Amino acid sequence: MRKYYRYYVLIMVTLVSMINIADRLIMSILMEDIKADFQLSDTQVGLLVGLAFALFYALMSFPIARWADIGNRKNILSLAVILWSGMTALCGAAAGFYSLFLARLGVGVGEAGGSPPTYSLIADYFKPSERARAMGVYMVGAALGTGGGLIIGGILGEMLGWRKTFLVLGIPGILLGVLFFFSVKEPQRGRLDAGGEKDKQAQAIKKTLKSLAANSIFIRISMSFAMLTMIGYAMAFWLAPIMLRNFDIPLSKVGLYLGLTYIAAGIPAPLIGGYFTDYMAKRDARWRAWIPAIAIIIVAVALWFCVMASSFEVFISCFVVAYFVFMIPQGATLSVLQSSLGAGERAVGSSFALMINSLMGAALGPLLVGILSDSLSAEYGVKSLNYALIWVCIGASIIGCFYYLWTAQAMSAELEEDIDLQDALEEK
């Protein structure tokens with residue numbers, strides 16, 4: 001039974017991820033109604049879905065992650081789930097732009113305690129050779145949360161209105177946080193990593209920061225991940241408004257179509273990507289960076305055909321392709337990130353990666369789309385949001401591809417150093 005307990009933990013953190021993403025992205029399916037009630041511009045919408053969430057998510061991620069590197073990770077994660085779920089429920093009580101902005105800040109504070117302890121827990125339950133697959137399973141939660149949140153949010157939004165929808169969606173997370181606290185065990189830190197006991201202990205903060213600053217693979221993969229995330233958030237927050245503005249479809253159907261797409265493409269893709277990456281990495285470790293570099297360009301091309309489509313059928317078909325390919329490099333990216341870090345610096349390292357993700361991907365991405373949409377509205381009308389989305393995503397894909405290839409270059413240098421070290425040991 002103990003042998004299979006790690007899979008229970010993986011299922012639990014995957015459920016946490018599902019709730020995390022659902023609470024984070026539910027605003028997208030409800031935003032057109034909120035925008036109409038509060039008479040908001042696309043720029044203000046971009047602030048609500050991006051900066052309001054990402055600001056404190058980024059600022060709080062480091063102290064919480066440092067806490068996770070020296071404290072009990074399952075307790076931290078349990079508390080975080082309960083906090084962000086409660087703040088999601090409070091979004092329904094907002095009286096206007098500023099109160100909703102503050103409630104979204106609260107969601108960001110809670111969710112800052114989600115990923116760093118989760119990544120660290122997975123690394124201590126699964127061996128390095130299994131982590132891409134484990135991360136792939138974990139990423140299924142993101143697909144389920146995105147798809148399920150859109151489907152349920154669309155149905156509830158049409159039936160109950162956006163305020164009661166926030167309240168209903170906040171309750172399951174509170175219950176899950178309580179179950180997680182009582183059923184998940186804290187593992188020994190660093191027990192599956194090679195190296196001495198020193199690496200298995202949380203490092204002093206100055207030493208950790210110095211180590212991260214000198215880690216070229218970590219720096220480059222963090223920037224790569226930020227560009228991938230920018231595309232993901234731009235799609236997640238703005239595709240529902242694009243559908244509502246471009247096609248004659250009710251809110252519940254928008255949530256259903258988008259949600260089924262996220263689930264149908266998002267569940268198999270990270271699993272396939274994780275297994276394929278582990279398989280290719282046995283031949284050359286740099287495939288962990290090459291696969292995402294190829295994928296991020298394909299995503300931008302497929303997304304171009306999606307938002308430029310004149311028919312709803314073509315729109316959905318192209319989005320299925322775009323999202324499927326988008327999810328393939330998720331496990332590979334996270335496995336490179338975690339493998340580039342020592343056991344005692346994983347949560348802090350993850351928090352810095354997530355801070356970059358939050359500021360560049362989650363905050364800047366949706367906001368840039370909103371600003372561009374408002375500036376292009378006079379020329380392109382209802383299509384201004386389409387052009388704004390694709391221009392941001394194309395720019396992010398080009399930068400992301402460059403950083404993934406640069407990461408592979410750093411991995412190549414590290415491999416050569418390992419070979420030289422092994423040769424020296426053999427000579428002795």
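Modeller: Start with H9, which gives the most to the lining of the largest cavity, 7 residues. Helices here are DSSP runs (H or I, at least four residues), numbered from the N terminus. The model is predicted, so local features need pLDDT of at least 70 and side-chain atom pairs pLDDT 80 or more, while totals for chains, interfaces and linings use all residues. Residues are numbered from 1 along each chain as its sequence is written, and side-chain values use heavy atoms, without hydrogens or water.

How many cavities are there? The structure holds 2 of 30 Å³ or more. A cavity is a set of points on a 1 Å grid, over the protein atoms alone, where a 1.4 Å probe fits but cannot get out; lining residues have an atom within 4 Å of a point. Points are joined across faces, edges and corners, and the volume is the space filled by probe spheres set on them.

The largest cavity holds about 480 Å³. Its lining has 28 residues. Nearest its centre lie Ile-21, Arg-24, Met-139, Ala-142 and Tyr-233. Six helices are listed as giving two or more residues each: H1 (2-38), H5 (115-125), H6 (131-160), H9 (216-246), H13 (312-339) and H14 (346-380). By class, the lining has 18 nonpolar, 9 polar and 1 charged residues. Nonpolar means Ala, Val, Leu, Ile, Met, Phe, Trp, Tyr, Cys and Pro; charged means Asp, Glu, Lys and Arg; the others, Gly among them, are polar.

The second largest cavity holds about 40 Å³. Its lining consists of Ile-21, Ala-22, Leu-25, Ile-26, Ser-28, Gly-145, Thr-146, Gly-149 and Leu-150. H1 and H6 each give two or more of these residues. H1 has the largest share, with 5. The classes are 5 nonpolar and 4 polar, with no charged residue.

The rule asks for a Lys or Arg side-chain nitrogen within 4 Å of a carboxyl oxygen of Asp or Glu. It gives 8 salt bridges.

The model has 23 aromatic pairs. Among them, Phe-247 and Phe-315 are edge-to-face, 5.5 Å centre to centre with 70° between the planes. Rings of Phe, Tyr and Trp (its six-membered ring) pair when their centres lie within 6.5 Å; planes under 30 degrees apart are stacked, over 60 edge-to-face, and the rest tilted.

Technical notes
1 Å grid on protein atoms, 1.4 Å probe; cavity = no way out; pocket = protein on both sides within 12 Å on 5 of 7 lines; lining within 4 Å.
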